Amino acid sequence: MAQVAITSPPPPGLQEATKNSTQSWQDHLHTLFKLAKDRFPDVVWEVGEGPDSTEEVWGHKAIVYARAPPTFQSRYFALRQPNALYDVENAADSALSLDPSTYGVSEPSTATLTHPPSTGPLRLNASINPALFANELEYLYTGKGFGEAFEFLFDASEAREHDPSSDAESLRIDKLRKDLVFMWRSRLFSDVRIALTDHSSSSPNHEATTAIFSSHRFILVSRSPYFYDALVSWPMKPQPPGAAKEVPIITLPSPPFTPASLHFTLGFLYTGTLVFSHRTYDLSTAFGIMRAALFLSLPTLHDEIQARIVQEMLHGLFHAFITFNEYERLTGGKWGTGGCRCRQCARRAPRVLEFALEEDVKNPHLERGARRALVGHFGEGWATQEFASLAQKHRESVLKGLGKRTTPTNVFPILFAAEHALSKLASVIDSWGDISREMIFSARKVVDEVLTRESEKCFESEEWMEIMSGDGVRFEDGERVEWAMAAVLRGVREQWAPSVYQTLVSSILLRPHPTEGNASMLSATSHIRVQVEQTRVELLKWIGKRWLAIRNARGFDSLEPWALKEISDDIEVPIDDLLNPPAYPSTHQGSSTSTPRNSSHRGSHPSPNANNSTHNSRHRNTRDLHQHLLRPISQHPHTSKVEPDSDAGSSMRMSVLSKSVHSAVSRMDRESVRGDRESVRESVRERERVGDRDTQLRSSTTSGAAGYTSAASSVRSVARSDRTVGTARRPVGAAGSAGKSPVPSRTSSPLGGNDMSPAKMIARDVRAGKGLSAIEHAGRMKDRPDSKMAPSEIEVGMYHED
């Protein structure tokens with residue numbers, strides 16, 4: 001996932017943002033009252049208790065008529081012609097006018113204006129203490145001040161009767177907002193107009209005016225730096241003397257402004273909140289409001305609309321306001337758990353990402369949340385037209401982020417989500433459906449690769465273990481196992497194909513039951529077992545066709561002995577041909593030392609020296625050699641606990657030689673073999689059939705000791721001296737053949753007397769340490785050994801030279 005660098009502190013949440021908006025609004029209104037003389041006043045009171053102690057108090061008629069109760073107006077605002085104070089022409093044109101009774105204020109007179117208004121502010125006299133009057137007027141502007149002591153004048157008691165649980169502060173703020181909304185929407189003494197000009201018209205020289213809003217200059221300059229510069233810092237051209245007074249017009253571009261976004265922006269300027277009416281806004285309008293906040297330099301509006309987009313409209317947008325480390329700690333690295341995955345959020349998240357990346361927005365918090373959301377909505381969330389409409393580079397960046405989330409912990413949930421999305425897109429024939437399918441296929445390819453590359457970790461994940469523990473009893477388990485096995489076959493590659501095979505057997509088919517010691521977790525009739533077994537067979541076929549490439553990629557080197565043996569059995573390739581490099585030492589006949597090949601990889605082994613002429617030394621060296629030739633016994637937590645005499649042991653861990661032991665042929669006493677008869681009988685019992693002794697002899701000597709006269713002669717000598725064959729060997733490739741009847745044995749015992757095959761004699765001589773001169777050359781032997789003996793049961797030390 002593309003990480004967005006954010007050095008600024010995290011933005012406030014919705015509750016904090018709305019609180020900051022209210023506080024900033026109250027501060028601006030207080031500043032407006034203090035600086036009313038410089039903020040386009042239209043009324044001034046000369047107050048004092050005597051002719052020598054008068055002071056001027058400046059104000060605005062719209063505030064007084066919208067806020068002051070009748071008692072205040074009759075005392076301090078009684079005029080001969082109050083009609084002249086209301087701009088009826090503006091009110092008649094207003095499409096936003098409301099019933100004044102809704103806000104609990106008296107409706108001003110609607111008489112027409114019969115003479116031009118005065119160019120200067122209205123002056124009134126009042127015989128009252130200036131400080132007391134200023135405090136009462138401050139209450140009209142801010143809802144605070146000394147005027148709180150005269151709440152009975154402002155009908156606060158009636159509001160408290162309707163909602164006794166509300167505190168006085170919230171009631172005052174609520175009434176102030178309602179009064180100011182009435183002042184704005186009824187155009188009480190409005191003195192400025194805001195026009196939206198559409199610059200996106202088809203004609204380059206044509207600018208179409210889309211909407212006009214009436215407002216009050218004293219509110220605009222107090223709340224927005226942009227309007228302050230437009231109305232105060234850059235005053236408009238003075239009008240010629242005698243000319244009719246014209247209402248100034250401020251032009252705003254559209255886009256970024258829209259009529260809906262400007263409506264809510266002006267409402268925020270008047271009330272300090274976006275919840276000032278029953279009218280709501282959609283996501284597009286919310287984007288317009290944020291653009292307006294940036295254009296007009298309104299940080300509190302920006303924070304509030306940002307918080308509302310994230311928390312209200314997209315249900316948290318995957319914790320967009322917290323850092324990556326905090327998000328990882330919160331979710332624990334699990335995919336799809338960091339936010340809401342409903343359909344509404346899935347359709348809105350692509351739009352949020354596009355908006356956040358716009359040149360005039362560049363919002364890192366929304367971008368971060370949108371990227372997390374799009375990664376979390378992978379699946380059906382990507383099977384939407386909104387996602388397909390994203391720019392190609394944005395889709396690829398989201399795909400890259402999903403790739404980073406594709407870990408063994410998340411591989412199965414992401415795989416299942418991909419399959420559900422493809423099922424949903426199966427009926428879509430529009431062009432956007434092809435785009436979504438392509439993206440989902442690309443994501444699934446990454447999933448397949450992770451599943452096969454780290455198969456053991458994946459099949460130990462919580463999701464897979466839940467399927468295993470239930471033995472596929474849930475309705476959706478069968479479909480999910482089918483998806484998983486299909487992913488295994490799609491994602492298999494040469495370097496990890498054998499490891500996948502080993503995992504399928506050890507982690508699934510042979511996984512022991514958690515409570516029943518001798519039983520496997522999957523029952524014999526489990527459909528999970530059937531599907532995994534089919535995948536195992538298909539995987540063996542795949543390995544059989546590509547075993548050379550697998551060997552070059554060292555895919556067989558990390559396998560446990562039982563897995564290597566079984567693969568070698570099935571694909572009919574000797575183990576030494578599968579390993580790269582081969583796992584035998586290089587020795588020479590008559591040499592007193594033996595140096596293992598690739599000893600740096602497999603550890604150092606002791607070599608015979610001049611002092612190793614005794615029986616114990618030969619015994620120890622023979623054991624060391626045997627341990628070097630044989631790959632280590634399985635330490636897997638599942639397969640290492642299988643009993644050698646069990647069916648699982650006989651089929652999974654077959655050969656103590658791992659089918660890779662090839663050495664020179666040497667004579668050995670028949671009695672030494674009898675000591676090993678019981679330990680090897682289990683593995684060779686029904687898998688051997690009688691064949692032509694001369695054919696077997698030629699096959700073994702040709703493949704096992706070709707080019708080496710001494711070894712071949714030794715084999716022929718043993719064969720001629722023993723005319724009764726106990727057990728004939730099966731030809732290469734016949735281990736898995738069906739429909740061929742074995743030839744009856746010529747003797748009653750498969751190992752009695754001299755009834756030993758050449759391959760068994762090779763194994764016997766290796767254990768006894770004889771014939772070391774042919775070990776290096778025996779690596780060329782292509783006929784695999786036939787014996788399948790239970791592992792780790794033969795004590796190598798019992799075989800030694802007499």
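Predicted model: local features only at pLDDT ≥ 70, side-chain atom pairs only at ≥ 80, totals over all residues.
## Overall make-up

The protein chain has 802 residues, of which 51% count as buried. Its secondary structure comes to 36 helices and six strands. Among contacts with a separation of 6 or more, 75% are between residues 24 or more positions apart.

## Salt bridges

Side chains of opposite charge can pair when their charged atoms come close.

Glu169 has a relative accessibility of 28% and so counts as partly exposed. Arg172 has a relative accessible area of 12%, which is under the 20% limit, and is therefore buried.

Asp191 pairs with Arg217, and their closest N and O atoms are 3.2 Å apart. This pair links distant parts of the chain, 26 residues apart: Asp191 sits in the loop between helix 7 and strand 4 (192–198), and Arg217 is in helix 8 (residues 217–223). Asp191 is buried, its relative accessible area being 17%.

Glu419 and Arg444 form a salt bridge in which the closest N and O atoms are 3.1 Å apart. Because Glu419 lies in helix 18 (residues 411–425) and Arg444 in helix 19 (residues 431–453), the pair ties together parts that are 25 residues apart in sequence. Both partners are buried: the relative accessible area is 14% for Arg444 and 10% for Glu419. Salt bridges with shared partners join Glu419, Arg444, Asp448 and Arg490 into one network.

Helix 18 also contains Val411. This residue is buried, with a relative accessible area of 1%. Leaving aside residues up to four places away in sequence, Val411 touches Val447, Val450, Leu451 and Cys458. The C-alpha atoms of Val411 and Trp464 are separated by 9.9 Å, and the two residues are 53 residues apart along the chain.

## Helix 7 against helix 10

Two packed helices are described by the angle between their axes and the distance between the axes. For helix 7 and helix 10 (residues 259–271), the axes come within 9 Å and cross at roughly 130°. Helix 7 is therefore oblique to helix 10. Their crossing is right-handed.

On the helix 7 side the contact involves Arg177, Leu180, Val181, Met183 and Trp184, and these meet His263, Leu266, Gly267, Tyr270 and Thr271 of helix 10. By residue type, the contact of helix 7 with helix 10 has six nonpolar residues, three polar and one charged.

## Helix 11 against helix 12

The axes of helix 11 (residues 283–295) and helix 12 (residues 299–313) are 8 Å apart, and the helices pack at an angle of about 160°. That angle is over 145 degrees, so helix 11 and helix 12 are roughly antiparallel to each other. Helix 11 crosses helix 12 in a left-handed sense.

Helix 11 contributes Leu283, Ala286, Phe287, Ile289, Met290, Ala293 and Leu294 to the contact, while helix 12 contributes Leu301, His302, Ile305, Gln306, Ile309 and Met313. The residues in this contact of helix 11 with helix 12 divide into 11 nonpolar and two polar, with no charged residue.

## Backbone features

Most residues other than glycine have a negative phi, and most peptide bonds are trans. Several positions in this model depart from that description. The peptide bond from Ser254 to Pro255 is cis, with omega near 0°. The bond joining Pro255 and Pro256 is also cis, with omega about 15°. Pro255 is in the loop between strand 6 (249–254) and helix 10, and Pro256 is in the loop between strand 6 and helix 10.

Leu317 is not a glycine but has a positive phi of about 45°. Its place is in the loop between helix 12 and helix 13 (324–331), and at 2% relative accessibility Leu317 counts as buried. Lys362, likewise not a glycine, has a positive phi of about 50°. Lys362 lies in the loop between helix 14 (343–356) and helix 15 (364–376). With a relative accessible area of 47%, Lys362 is partly exposed.

Terms used:
Residues numbered from 1 in each chain as written. Heavy atoms only, no water. Buried < 20%, exposed > 50% of the residue type's maximum accessible area, 1.4 Å probe, protein only. Salt bridge = Lys/Arg side-chain N within 4 Å of Asp/Glu carboxyl O. Helix = DSSP H or I, 4+ residues; strand = E, 2+ residues; numbered from the N terminus. Axes fitted to C-alpha atoms, helices over the stretch in contact; angles between N-to-C directions. Parallel < 35°, antiparallel > 145°, perpendicular 65-115°, else oblique. Left-handed = near helix turned anticlockwise from the far one by under 90°. Contact = heavy atoms within 4.5 Å. Nonpolar A, V, L, I, M, F, W, Y, C, P; charged D, E, K, R; others polar.
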